[in-house]
Amino acid sequence: MEDIHIRLTSWRNRIAPTVETIIAELRQQANQQFNSDHYVFKELQIAAHIGKAWRSSLCMMSAESFGAKEIKIIERTAALIELLHYALLIHDDIIDETPIRRDTLSFPARLNAIFDGRGVM
């Protein structure tokens, strides 16, 4: 069991820089297209730091077990899976109007605080 925990941590650490790079790329594209630094990118960065990365680790484990050779492509795919998961969590919190996620204010709760003038970001 300890071995899988070590491997999960290793995969998460390998994927984390790719997740950050993709968020930065998306943020730059949004800035160019919309002339705006959208708050959703901050939310993705918050989610990226507190998540366990199970889905992306499963992707890495599957690729490794089948002997995949294109490591950069696999890491990018795993990172995109993780970002999709984060985006779906944000969407879920908005639809369900969830005030708390993982012991902290959810995205809609922080957004409401900003619009109410309390500025909790």
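Here is a friendly note on the predicted model above, point by point.

1. **Ground rules.** This is a predicted model, in which local features need pLDDT of at least 70 and side-chain atom pairs count only at pLDDT 80 or more, while totals for chains, interfaces and linings use all residues. Residues are numbered from 1 along each chain as its sequence is written, and side-chain values use heavy atoms, with hydrogens and water left out.

2. **Start with S56.** You will find S56 in helix α3, residues 54-65 (helices are DSSP runs of H or I with at least four residues, numbered from the N terminus). S56 is buried, at a relative accessible area of 0% (buried means under 20%, exposed over 50%, partly exposed in between, with a 1.4 Å probe and protein chains only). Beyond its neighbours within four places in sequence, S56 is in contact with I15, A78, I81 and E82 (contact means heavy atoms within 4.5 Å).

3. **One face of α3.** The buried residues here are S56, S57, C59, M60 and A63. Viewed down the axis of α3, they fall within an arc of 155°, so they line one face of the helix (the arc is that of the directions from the helix axis to the C-beta atoms). An α-helix has 3.6 residues a turn, so residues three or four places apart point the same way. Just after α3, G67 has a positive phi of about 75°.

4. **The core.** In the largest nonpolar core there are 21 residues, and I15, V19, I23, L44, M60, L83 and Y86 have the most contacts inside it (such a core is a set of buried Ala, Val, Leu, Ile, Met, Phe, Trp, Tyr and Cys residues joined through side-chain atoms within 4.5 Å). Helix α1 gives the most to this core, with seven residues. Look also at I23: leaving out residues up to four places away in sequence, I23 touches F41, L44, Q45, A48 and L83.

5. **Salt bridges.** The count comes to four (a salt bridge is a side-chain nitrogen of Lys or Arg within 4 Å of a carboxyl oxygen of Asp or Glu). One of them pairs R7 with E64 at 1.9 Å, N to O; R7 is in α1 and E64 in α3, 57 residues apart. Another joins R14 and E75 at 3.2 Å. Since R14 lies in α1 and E75 in α4, this pair ties together parts 61 residues apart in sequence. Notice the two partners: R14 is partly exposed at 31%, whereas E75 is buried at 9%.

Terms used:
Helix = DSSP H or I, 4+ residues; strand = E, 2+ residues; numbered from the N terminus.
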